[in-house]
Amino acid sequence: MEAREAALFELALRMGDTALILGQRVSEWCGHAPALEEDIALANTALDLLGQTQMWLELAGEVEGKGRSADDLAFLRDAWDFRNLVLAEQPNTDFGHTIMRQYLIDAWNRLMLDELQNSADARIASIAGKAARETAYHLERSRDLVIRLGDGSEESHARMQAALNTLWPFTDEFFEADDGDALLAAEGIGPDTAALAPQWQREVQASLAAATLDIPEGRTNPSRSRSGRHTEHLGHLLATMQWLQRAYPGARW
Amino acid sequence: MVEASARPGIEEVWAWLDGVPDPEIPVISIVDLGIIRDVAWEGERLVVTVTPTYSGCPATAVINMEIAACLAAHGLADAEIRTRLAPPWTTDWLSEKGRARLAEYGIAPPQPAGGPAACPRCGGTELERVSQFGATPCKAQWRCKSCLEPFEYFKCI
């Protein structure tokens, strides 16, 4: 692939894999949420994310030009080829962790999609335009819950603070950029990620302050999705998600 | 192949499609839902352009099958169904007829203000949101404080 196509492939994978892995994680709640309304909300959020996955991975396959479908990319790659934000693969743990993870990624996704709606590549712009509306709706809910639970009871506050302490280090990589990103930004195809970082910081700091939660300092995480350096959790998730296609290659409904 | 003389008019095709119910909310048609963006002849082939509602909505595939079945029943077995993502679907595209049918059916139609205007059962305006999501991707759950009944609201996007 030319450098430009390779960068485009990576961008489509970053968006699609993040939606896929987060969607898979959130769908694990189906039938287990603390209240029926939350069960339905989580399942609907997962459904939107899987719909977005379909569009992004289809584009990735088209850009790559090797005839791989969205399903091929989802079910027949191994962990090191996934480009999802490492935060997306972190386990559900409890409702607090699930909602905190959702909020931090929703805020990232919203900013990315807002920029990508204006992409010089019409395919990216149309996918982002569709996904942006759904994601704005997700963000409204996850932000509201982070604030209500953080500024809630002693128990809910403690759980949200514990979730933030565990998950915050994984946001280190959110706005990193490489040569490919610079190339896409220069052509107006992808966002200038460095410029998005302060916007994300403002959004997140304001909500976490309203939630009476403290952002942990001095914690970092060495995982980096750009080079396929994931946490151990992704392999376990894929083993569940990909099992059927691995055991019965080509199985269809 | 359809003889040019035997070709149905575009308006006629729209009327057929208006007879195809939404699979999850059958009181409104897929035309009421606003997802049929274009009907046109391209040479010998009829092309129906569809914009999906929610990107993960499982009804999308069923809707495409029902459009194909409807057209085939009218002798257009080789019609093409084309998906168009942009501009993205919005609840602004719901028809007036569709909005009225939703309300009669007990689903509050979407409002620009973001919440339902009135309880579809008793008309009460003291309302509270129960959940931002509902039984299908396009709906949320609300409750009327006057009659105390829960009801569904068609989400505004």
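1. Buried area is the accessible area (1.4 Å probe) that two parts lose on being put together, summed over both. By that definition, chain B and chain A bury about 1,900 Å² between them. Carbon and sulfur atoms account for 61% of it.

2. A word on the basis. This is a predicted model, in which local features need pLDDT of at least 70 and side-chain atom pairs count only at pLDDT 80 or more, while totals for chains, interfaces and linings use all residues. Residues are numbered from 1 along each chain as its sequence is written, chains are lettered from A in the order in which they are written, and side-chain values use heavy atoms, with hydrogens and water left out.

3. The chain interface by residue. Contact (heavy atoms within 4.5 Å) joins 23 residues of chain B to 20 residues of chain A.

4. E140(A) and R129(B) form it, at 3.9 Å, N to O.

5. The side of chain B that touches chain A. Strands here are DSSP runs (E, at least two residues), numbered from the N terminus. β5 (127–131) and β6 (139–144) of chain B each supply at least two residues. β5(B) gives the most, with three residues. By class, this side has twelve nonpolar, nine polar and two charged residues. Ala, Val, Leu, Ile, Met, Phe, Trp, Tyr, Cys and Pro count as nonpolar, Asp, Glu, Lys and Arg as charged, and the others, Gly among them, as polar.

6. Domains within chain B. The assignment gives domain 1 (4–91) and domain 2 (106–154); such bounds come from an automatic or database assignment. Their centres, taken over C-alpha atoms, are separated by 29 Å. Eight residues from domain 1 and seven residues from domain 2 make the contact.

7. The domain interface of chain B. Domain 1 and domain 2 bury about 590 Å², 85% of it from carbon and sulfur atoms. In domain 1, I25(B), Y54(B) and T91(B) lose the most area to domain 2, together 64% of what that side buries. The domain 1 side divides into six nonpolar residues, one polar and one charged. Between the two domains there are zero salt bridges.

Conventions:
A salt bridge is a side-chain nitrogen of Lys or Arg within 4 Å of a carboxyl oxygen of Asp or Glu. Helices (H or I, at least four residues) and strands (E, at least two) are DSSP runs, numbered from the N terminus.
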